[in-house]
Amino acid sequence: MNPWLARVVTMEPFFIRYRNLLVLLVMLVAQIVGLAVQVRRTSAGAVSLDPQDGPGVRLIRLWANALVTPSERLIHSSKLGAGNLWQGYIDLRHVRDQNQDLQKTIDRLRLEQAALLEDARQGQRLQGLMAFQEKYIYKTVAAQAIGSSGTDQSRVFYLDKGKDAGLERDMAVITPDGIVGKVRDVFPHSAQVLAINDQSSGAGVILETTRVRGILRGNAAGQPQIVGILADQRIQPGEKVLTAGGDEIFPRGLPVGVVEKVMRDPERDSFIDVIVKPAAHLDRLDEVLVITATEPRFSLEQQKDLDTSEALKGAEVAAEAAEKKKASEIMAERLPGLKDPNAAAAPAATPDNPTPVVPTVNPMPHPPPPLHADRYSPGSATQVTPETTSPQIPSATVPQGSTRTVPHASTQDHGAGSRETGNRETGARETGARQTGGPGTSGSGTSKLGAPARSTANPLTPRPASKPKPKTDTAPQRNP
Amino acid sequence: MSVLMANTRRDVEVHRYPILIYALVPLAALVLQAWLPRVLGRYMWFDLPLVITVYFALGRRSPVQGMLLGGALGLFQDALTHNAIGIFGIAKTIAGFIAASAGIRIDVENHTIRLILNFLLSLLCSAIYLFIYRILLDMSLEWNWWTELFKAVGNSIVALILFPQLDRTQIQD
C-alpha cells in the first residue's frame with residue numbers, strides 16, 4: 001500500500017474520534033485570530049480596540065444590525081410591550097368568563113385609553129423636545145432609541161436615524177435634561193450610540209462651582225464617574241456637573257448631572273473618583289437629539305440683538321478714541337515743541353460735522369528734506385526696483401538724526417507684520433485650545449481620535465477686535 | 001444517581017424540532033436580548049442567547065451543533081456591542097460544547113439538572129468573558145461578580161420557564 005495512503009487511513013479514526021474537540025479547537029482558534037486582528041497595540045503600549053472597525057468587522061456588525069433592527073423597529077412601532085401583552089392576555093382570560101361582550105368593550109376602551117395616554121405622553125415629550133430644539137443654538141436631529149446591546153459590558157443603544165438623516169460618527173447625543181452619549185457607528189437607517197456610562201466612553205466635564213475639570217466615564221455598575229482628579233475638600237454631593245467643551249464632541253456648558261458621591265481612588269492615594277448622577281435618564285431613553293452641526297444658528301431676533309450689540313461696541317470704541325485725541329491735542333497746545341510743523345492743519349469743526357476729522361497719519365514728525373535727493377532718500381522707497389535690494393547705504397548720505405529708511409521696508413514690514421499676526425492668531429488659537437481643550441488636565445487641542453479640532457468657543461460671544469500693531473519701521477527720534 | 005444518568009432509550013434520544021423553530025427561536029432571543037433592556041433597565045439579569053444555546057445543545061446532544069449555534073449567537077451578540085467581535089463567540093462556543101457533551105451523559109429532562117447546568121454555564125461564560133478581556137486582550141475592564149451571580153440565577157429561572165415551552169415544539173416520533 002502506498003505509505004501516504006496508509007498514513008491517511010490510519011489517521012481517519014483519529015479525526016473521527018476527536019472530531020468534536022477538533023471542531024472546537026478550530027472555532028476557538030479562528031475567533032482568537034479574529035480578536036487579535038481587531039485589537040492593536042498603540043505606541044504607548046496599551047492594548048486597545050481600533051476605534052474604526054475594519055471592513056470585515058463592519059460587515060458583521062451590519063449583518064447583525066440588519067437582522068435585529070427591523071424586529072426592534074416593529075416592536076417599537078406597534079407599542080405593544082411584552083409586559084402589556086401579558087397583562088392584557090391575563091385580563092382577557094379572566095373576564096371572558098364573566099361577561100365577554102362587556103369586557104371586550106372595556107378592553108377596547110382601556111387599550112384606546114392607554115394608547116391615547118401613551119400618545120399624550122409622547123406628545124408632551126416631543127413638545128418639550130421640539131421646544132428645546134428650537135431654542136437650542138446648534139442644529140439637531142430628533143431620533144428615537146429603538147434598541148440596545150443587551151449586555152452590561154457594552155452600554156450602547158441604537159437610534160432609528162442613520163446616515164440618511166445626516167448622522168455621522170462622534171456626533172453628540174443629548175436630551176433636554178442632559179448629555180447622553182456620542183454616535184459611535186452609523187448605518188444607512190440606524191446608528192449606534194455609546195452612552196456616557198460605558199467604561200470606554202469619555203467626556204470632558206467641569207464642576208460648576210469649584211471649576212474642577214475631569215474626564216467622565218462609566219464604572220462597572222453603569223454609573224458615570226469623574227476620574228483622575230486630585231482630592232479636593234470643596235467637591236460636595238449636589239454640585240452640578242457640566243460639559244467642559246474640550247473633548248471635541250460635546251459643546252460647552254451642557255448639563256451632565258450632579259455629584260452623587262465622592263470616593264477615594266483605590267489605586268492612587270491623592271486622587272478621588274466623583275460618582276455623578278446623570279441628568280438624562282440613561283436607563284429609559286426614548287427621544288433624543290443628535291447635534292449634527294456646531295455652527296450656531298440665530299433667530300432673526302437674536303441676530304438683531306447681536307447687530308445692536310456690535311454697533312454699540314463700535315460707538316464706544318469711537319468715543320474712547322475721540323477722548324484720547326482730545327487729551328493729546330491739549331497736551332500739544334501746552335507743549336508747542338511737540339507740534340509737527342509738517343503736519344497738515346486739521347480741519348475745524350463745522351456745523352455739519354461737529355467732530356473734527358482726525359487725520360490718520362502718524363503724528364511722528366517727518367525728517368527734514370534732503371539737500372540732494374537720491375534713491376535712498378525717504379519717500380523714494382516705492383520707486384526702488386526689485387534689482388536694488390540690499391543696497392549698501394553710505395553713511396555720508398544718511399543725515400544725522402534722520403530716519404534710516406530701508407529699501408522695501410514697507411513690504412518687509414507688511415510681511416513681518418502678517419507673519420506676526422499669523423503667529424499671534426495661532427497663539428490665540430492654541431491658547432483657546434488649551435483653555436477649552438482637554439478634559440481637565442490634558443490640555444490637548446485635538447480630539448483623542450485625532451479628529452480635526454472643531455471650534456469650541458462660545459458662539460454667542462463676539463470676537464474681540466484685534467489691536468493694531470505699532471509700526472516699527474522708523475527709529476524713534478527727537479524733533480529737531 | 002441513576003436518576004441523573006442517561007441510561008434509558010428515552011434519555012439518550014436526539015430531540016428534533018421544526019426548521020422554523022431553529023430559525024426563529026435564536027433570532028427572537030437576539031432581538032429580545034437587545035430590546036428588553038429598554039423595558040427592564042438595569043434589571044436585565046439574564047442572557048437569552050446563552051439559554052437558547054444550552055437548550056438546543058442539550059436537546060440535540062451534538063457538540064458540533066451546539067458549538068456552531070453558540071458561536072453564531074455569540075458573534076451576533078458581539079456585533080451588537082462596540083467591543084471586539086469574538087468575545088461572546090468564544091464563550092458561547094465553549095458553553096455549547098460543554099452543554100452538548102453533558103447532554104450525552106446525563107438526563108437533561110430533569111429540571112434540577114437544567115437549573116444547575118444553566119447556572120454553572122452562565123458563570124463559566126462570565127469567567128471566559130473576563131479571561132478574554134483581561135488576560136487574552138490585556139484590556140482594562142471593571143467587573144462585578146455579584147451582577148454575574150444574579151445573571152446566572154436569572155438564566156436558571158428563565159430556563160426553568162422556557163425549556164418546558166420549547167419542549168412542546170419537539171417533533172414526536
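1. Chain B brings 47 residues to its contact with chain A, and chain A brings 55. Contact here means heavy atoms within 4.5 Å. Together the two chains bury about 4,500 Å², with 64% of it on carbon and sulfur atoms. Buried area is the accessible area (1.4 Å probe) that two parts lose on being put together, summed over both. Arg38(B), Leu80(B) and His82(B) supply 19% of the area that chain B buries here, more than any other three residues.

2. Keep the source in mind: this is a predicted model, where local features need pLDDT of at least 70, side-chain atom pairs count only at pLDDT 80 or more, and totals for chains, interfaces and linings use all residues. Residues are numbered from 1 along each chain as its sequence is written, chains are lettered from A in the order in which they are written, and side-chain values use heavy atoms, leaving out hydrogens and water.

3. The count between the chains is 1 salt bridge. Glu142(B) pairs with Arg217(A), and their closest N and O atoms are 3.5 Å apart. The term needs a side-chain nitrogen of Lys or Arg within 4 Å of a carboxyl oxygen of Asp or Glu.

4. Which element gives the most to the side of chain B that touches chain A? It is α5(B), with 11 residues.

5. Now chain B itself. Its secondary structure comes to 8 helices and 0 strands. Helices (H or I, at least four residues) and strands (E, at least two) are DSSP runs, numbered from the N terminus. Of its 173 residues, 60% are buried, meaning under 20% relative accessible area (1.4 Å probe, protein chains only).

Key: Buried means under 20% relative accessible area, exposed over 50%, partly exposed in between (1.4 Å probe, protein chains only).
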